[in-house]
Amino acid sequence: MKKNQKKFFFNEEENALSMLSKLDKTQLKNIAGGLIAYAEYARRIYTESTYVRHAV
Amino acid sequence: MRTSNLVVKVASRCNLNCTYCYVYNMGDESYKTQPKFMTQEIIEAMLLRIKTHCIENNLDMFLIIFHGGEPLLTGIDFYKDFIKTVKNIIPDSIRMDYAMQSNGVLLTKEWCEDLKELNIQVGISLDGTPSSNNRNRVYHNGKGSYDEIVRGFKLVKSTFDAQYSNCLCVIDTNEKPIEVYNHFKDLGVSSVHFLFQDFNYISSTQETIPKIGSWLIEMFDLWYSDEDESKPSIRPLTDLIGLIFGLNVSSEIFGKGYNDTLTIETNGSIETVDTLKICGDGFTNTNFNVLRDELSTIFEESELARLYYNGHDNLCETCVNCPLEKVCGGGYMGHRYSKINGFDNPTIYCKEIIQIICHIQNKILDDMPSEMILKSKIERLNYDLILQEL
């Protein structure tokens, strides 16, 4: 059990990044779109000693 | 337990002798007993094991990562023959993907075109500035390799689609983040992945390791504020942002995913990932070999393989009590190792990782609408308070 029970991170169900990608132009909005696409293909975990980027 | 990707050590030697290399210069000497190149006999046996493993685990895709040493030391015909052998052994129902991690020194335009034709994606290992690269990524005679690596990178970029111009870069805190950032931007890199230099408690402490927390904070601020739409994607910054937002973007270092990569050594031995060699000479050695054993044997017989697979679970008490555990995931397993406690320690980069996660979380909240923050009941992280509570 963690001593600190505060919430510091979003949950997947909150879909926070998708909401941000619809906001007015901010740096975070620009990054949000790319991250959503990235999550689509980042389903396999690779060792850090290699760079793997495959098309979706 | 099952694997979806293999690091395949097609060549056990390297044309470079990088100062920080975990294969040759971090205390493991097992490469000396390996054959120089993987034979056709080993390749065929390995592919038969992959086929069985995919069928038994209902996998319809599998990734092979050509690695070394330097994988291009085999010559290009090795890869033409390899893909032919794949087509003879692996059924069409299993999609095979290929990647290669190279220093790029041996690349020619013709080889690049052949690799593209074979659908082998090439990542280049290149450090953050010419001076850093020439200090650390050196030939066996001590000469720097920057010019040759950049020549290879430019061949990859001009041959493959620009989005596949990716680099791995070991963080050198002696170099200014702005110079490193501009260096990769000037090269037109699509994405760069900053690696933590390998240290653990065998010969270092949390106080003696490079201060990558403040270095990555500076890098994050440069990247985040850069309005250039063609700026590179930067890992692990994007991984951390995604994890803060609850996305499933776990990595070998961060998040709570399973680490299912295995390594096939040049002689066919089946091992846990090679970067764990930093924990001691022969640390990843096993008696399992594709000539005799299925890939799943290592999960059944090796405690190290099971520990690595579940590397983001069963963390030490400090990590279990830490409110950042969901994002940090305990860090890379090899960086947690000590001779006394084994892996039952926080990562040696613990404070650095807390620092960068706190900074990114704070910056993200600064840029979010206040009603979204209120609705989600997210609170701002405070680095000093987190450290006090651990």
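## Exercises on a predicted model

B:Asn200 is buried, its relative accessible area being 5%. The structure examined in these exercises is a predicted model.

**Exercise 1.** Determine where B:Asn200 lies in chain B and which backbone atoms its side chain reaches.

*Solution.* 
Step 1. Locate the residue: B:Asn200 belongs to the loop between strand E6 (191-195) and helix H7 (212-225) of chain B.
Step 2. Classify the residue: buried means under 20% relative accessible area, and B:Asn200 has 5%, so B:Asn200 is buried.
Step 3. Follow the side chain: the side chain of B:Asn200 reaches the backbone nitrogen of B:Ile202 at 3.1 Å and the backbone oxygen of B:Ile278 at 3.4 Å.
Step 4. List the neighbours: leaving aside residues up to four places away in sequence, B:Asn200 touches B:Ile278, B:Cys279, B:Gly334, B:His335, B:Tyr337 and B:Ile348.

**Exercise 2.** Decide whether B:Ser269 is buried or exposed, and name the residues that B:Ser269 touches.

*Solution.* 
Step 1. B:Ser269 is found in the loop between strand E8 (261-264) and strand E9 (270-271) of chain B.
Step 2. Because its relative accessibility is 5%, B:Ser269 counts as buried.
Step 3. With residues up to four places away in sequence not counted, B:Ser269 touches B:Gln34, B:Thr263, B:Ile264, B:Phe288 and B:Asn289.

**Exercise 3.** Compare the span of helix H5 of chain B with its expected value, then identify the buried residues of H5(B) and what covers them.

*Solution.* 
Step 1. Helix H5 (residues 146-159) of chain B has 14 residues, and its first and last C-alpha atoms are 20 Å apart, close to the 20 Å expected at 1.5 Å a residue.
Step 2. The buried residues of H5(B) are B:Tyr146, B:Ile149, B:Val150, B:Gly152, B:Phe153, B:Leu155, B:Val156 and B:Thr159.

**Exercise 4.** Describe the largest cavity and its lining.

*Solution.* 
Step 1. The structure holds four cavities of 30 Å³ or more, and the largest cavity contains about 580 Å³ of space.
Step 2. The lining of the largest cavity comprises 33 residues, with A:Ser49, B:Tyr20, B:Tyr22, B:Ser125 and B:Leu195 nearest its centre.
Step 3. Strand E3 (95-102) and E5 of chain B are the elements that give two or more residues to this lining; the largest share, three residues, comes from E5(B).

Conventions: Residues are numbered from 1 along each chain as its sequence is written. Chains are lettered from A and ligands numbered from 1 in the order in which they are written. This is a predicted model: local features need pLDDT of at least 70, side-chain atom pairs count only at pLDDT 80 or more; totals for chains, interfaces and linings use all residues. Side-chain values use heavy atoms; hydrogens and water are left out. Helices (H or I, at least four residues) and strands (E, at least two) are DSSP runs, numbered from the N terminus. Buried means under 20% relative accessible area, exposed over 50%, partly exposed in between (1.4 Å probe, protein chains only). Contact means heavy atoms within 4.5 Å. A polar contact is a pair of N or O atoms within 3.5 Å; within protein, one must be able to donate a hydrogen and the other to accept it, and residues adjacent in sequence count only if both atoms are side-chain atoms. The expected span of a helix is 1.5 Å times one less than its number of residues. On a 1 Å grid over the protein atoms alone, a cavity is a set of points where a 1.4 Å probe fits but cannot get out, and a pocket is an open set with protein on both sides within 12 Å along at least five of seven lines; lining residues have an atom within 4 Å of a point. Grid points are joined across faces, edges and corners, and a volume is the space filled by probe spheres set on the points.
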